[in-house]
Amino acid sequence: MSLASTQLREEILYWCLESVRTGLNFNTQGNISARLPEHDAIVITPSGVRYDVLAPEQMVVIGYDGVVIEGDLFPSTETDVHLAHYRARPDVNAIVHTESPYVNVFGAVGRTIDPVLLNMVLYAKGPVPVMPFEFSTNSEFGARSAEAMGSQVNAVVWANHGLLSVGEDLAGAFKVAVAVEANAQVLAGALAIGTPNILRLADIVIPEGARLP
């Protein structure tokens, strides 16, 4: 029996397909993983496989030490980066890496993505930092990425490359990715015509019992 359930593998594939459908990724861009805390492991998408031909059983299970436990395909080339973020954030159970266009606009100029939309504040939790460009397939980069994100914000931009978002579960991590891209698009337009009104989580009063969007 696999350490990663069929349901979890299917859920990862669902969000992979959604990332393409919503324009956050194309071709074989991006990668998605989920933590398997009871096994000291993660399950992650394989490298170089289009999501429309990817099967749930092709996901790869990797130990916290980076050793492949299950899977015949090569794991995502950014597996070490995912592992670094899981080590740094015990509250994180899922990671989504996307290469969405407006996020990359801000990454290309090294400009922090400030919150101008409510969903951005609710899910990303604050301004999303941009780290300098470098190759992203090693644990050293992963450690720097985790440090740049910090413990409060749920996303970080890799300059000239894309976004890494985290969450308590896969749906949560994906909501962060969607919220940051939508916010980046609106922020780019707002900066072109005026001075945006920047939102802060600390200034938002959420009524007791209110459901998030």
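Contact here means heavy atoms within 4.5 Å. The model is predicted, so local features need pLDDT of at least 70 and side-chain atom pairs count only at pLDDT 80 or more, while totals for chains, interfaces and linings use all residues. Residues are numbered from 1 along each chain as its sequence is written, and side-chain values use heavy atoms, with hydrogens and water left out.

Gln29 sits in the loop that joins H1 to strand S1 (31-36); helices (H or I, at least four residues) and strands (E, at least two) are DSSP runs numbered from the N terminus. With a relative accessible area of 18%, Gln29 is buried, a term for under 20% relative accessible area, against over 50% for exposed and partly exposed in between (1.4 Å probe, protein chains only). Leaving aside residues up to four places away in sequence, Gln29 touches Tyr51 and Glu99.

Helix H6 covers residues 170-193, 24 residues in number, and spans 36 Å from its first C-alpha to its last, close to the 34 Å expected, which is 1.5 Å times one less than its number of residues. Buried residues in H6 include Leu170, Phe174 and Leu187.

The axes of H1 (residues 6-21) and H6 come within 11 Å and cross at roughly 10°. Axes are lines fitted to C-alpha atoms, for helices over the stretch in contact, with angles from 0 to 180 degrees between N-to-C directions. H1 is therefore roughly parallel to H6, the term for angles under 35 degrees. Leu8, Glu11, Ile12, Trp15, Glu18 and Ser19 in H1 meet Leu170, Ala171 and Phe174 in H6.

Definitions and conventions. Angles under 35 degrees count as roughly parallel, over 145 as roughly antiparallel, 65 to 115 as roughly perpendicular and the rest as oblique.
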